Amino acid sequence: MSDTTTTIDDKMQAALQRLLAGRATRTDGTLTVKNLCAEAQVSRASFYRSPRASDLQQQLADPAHRPQTEDLRRQITQLKATDKQQRTRHAAELRELRDQVKTYANQIQVLTLRLAHITDDQARLRERAERETGIIHLPATRPAE
């Protein structure tokens, strides 16, 4: 047995372990010869020339390995659906919060304008009171904090 065959067999065995564990890095994780070769980064011709090809094919076809990967796929699908729901909910919350910020900003602007109007009215009333009564009113001072 040559070193090349051993290296290819080692790559295929490692790829098979990743596929069986549901940790595929280059494929969708389906237990097929095509995916095994892609995971191992070897050609299918190299796979079929390997003395371990039939053993590896049997392991891929073993029904005992199917439920684990199917369960993992089902979990992935559920997690993706949950993630999508959470993202949708988060986006809705952000829109609601942005709308609230706009509402508060508008209210602050209205109150600021109203305060400016009241301040102007107060100043005019003071001037009028001073003209009519001759009494000068000192500006209100705020208590020291």
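Trainee: Why is Gln41 called exposed?

Mentor: This is a predicted model, and in it Gln41 has a relative accessible area of 52%.

Trainee: Where does Gln41 sit in the chain?

Mentor: Look at the loop between helix H2 (33-40) and helix H3 (44-49); that's where you'll find Gln41. Gln41 follows H2.

Trainee: What makes H2 "mostly covered"?

Mentor: Count its buried residues: six of the eight in H2. They are Val33, Asn35, Leu36, Cys37, Glu39 and Ala40. Buried means under 20% relative accessible area, so each of those six falls below that cut-off.

Trainee: And how much of the whole chain is buried?

Mentor: Buried residues make up 17% of the 145 residues.

Trainee: How many helices and strands does the chain have?

Mentor: Five helices and zero strands. Reading from the N terminus, you get α-α-α-α-α.

Trainee: What share of the contacts with a separation of 6 or more comes from residues 24 or more positions apart?

Mentor: That share is 47%. A contact here means heavy atoms within 4.5 Å.

Trainee: Last one: what is the accessible surface of the chain?

Mentor: About 11,500 Å², and carbon and sulfur atoms account for 54% of that.

Methods
Residues are numbered from 1 along each chain as its sequence is written. This is a predicted model: local features need pLDDT of at least 70, side-chain atom pairs count only at pLDDT 80 or more; totals for chains, interfaces and linings use all residues. Side-chain values use heavy atoms; hydrogens and water are left out. Helices (H or I, at least four residues) and strands (E, at least two) are DSSP runs, numbered from the N terminus. Buried means under 20% relative accessible area, exposed over 50%, partly exposed in between (1.4 Å probe, protein chains only). Accessible areas come from the Shrake-Rupley method with a 1.4 Å probe; for residues, only the protein chains shown count as cover.
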